[in-house]
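Please examine the sequence and the structure before reading the points below.

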Amino acid sequence: MRTSGTAGPPGAAEPLARVRRVEDLSGLMGECGRTVVVCFSGSWCGSCSLFEPTFEAVAGELADPDRAFALVDTQELPALATAYAIQTVPTVVVLRDGVVVDRINGVVTARELRRRVSAGGTAGAGPTVAQ
């Protein structure tokens, strides 16, 4: 698993940050115009366990200085889950300048995740449930 222990600074070497504190996510969003793709999940969630490797793989492919990826465990950081109105996990939230531009509820394929992240919120922002 290629994840860091905490969120690093913008452009950090690791393609995926595990957010352990609210400040970690704020640090990732630090630069104006930066896209941050956040997967809200739970260690207890079977679907999340299945989706996490897909999220990690896409993060490894698409992370760059202008796009960061992060994982948030909703049990560890319920305040963040509440702030982003997370009602189901996994939920991927695409943020630009701290504003939600797309939301993906449920498990999606790597191809769909790649498409939505690459579109940067222009691929139909709003709740989507994948089966």
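A residue is called buried when its relative accessible area is under 20%, exposed when that area is over 50%, and partly exposed in between, with a 1.4 Å probe and protein chains only. The model is predicted, so that local features need pLDDT of at least 70 and side-chain atom pairs count only at pLDDT 80 or more, while totals for chains, interfaces and linings use all residues. Residues are numbered from 1 along each chain as its sequence is written, and side-chain values use heavy atoms, with hydrogens and water left out.

**Overall architecture**

- The protein chain contains 4 helices and 5 strands; helices (H or I, at least four residues) and strands (E, at least two) are DSSP runs numbered from the N terminus.
- Along the sequence, these elements of the protein chain are arranged as β-α-β-α-β-α-β-β-α.
- Among the contacts in the protein chain with a separation of 6 or more, 59% are between residues 24 or more positions apart, where contact means heavy atoms within 4.5 Å.

**Burial and surface**

- In the protein chain, 47% of the 131 residues count as buried.
- Carbon and sulfur atoms hold 53% of the accessible surface of the protein chain, which is about 6,300 Å²; accessible areas come from the Shrake-Rupley method with a 1.4 Å probe, and for residues only the protein chains shown count as cover.
- Ala 79 is exposed because its relative accessible area is 51%, and this residue belongs to helix α3 (residues 78-83).
- The C-alpha atom of Ala 79 is 8.2 Å from that of Val 22, although the two are 57 residues apart along the chain.

**Strand β4 and its partners**

- Strand β4 (residues 91-96) is mostly covered, with 5 of its 6 residues buried.
- Strand β2 (residues 35-41) runs antiparallel to β4 and is joined to β4 by 6 bridges; two strands pair if DSSP finds at least two bridges between them.
- Strand β5 (residues 99-105) also pairs with β4 in the antiparallel sense, over 6 bridges.
- Arg 96 in β4 stands opposite Thr 35, and the bridge partner of Arg 96 in β5 is Val 99.
- The hairpin of β4 and β5 has 2 residues between the strands, and Asp 97 takes a positive phi near 55° there.

**Arg 116 in helix α4**

- Arg 116 is part of helix α4 (residues 110-119).
- Arg 116 counts as buried because its relative accessible area is 3%.
- The side chain of Arg 116 reaches the backbone oxygen of Arg 103 at 3.2 Å.

Methods. A polar contact is a pair of N or O atoms within 3.5 Å; within protein, one must be able to donate a hydrogen and the other to accept it, and residues adjacent in sequence count only if both atoms are side-chain atoms.
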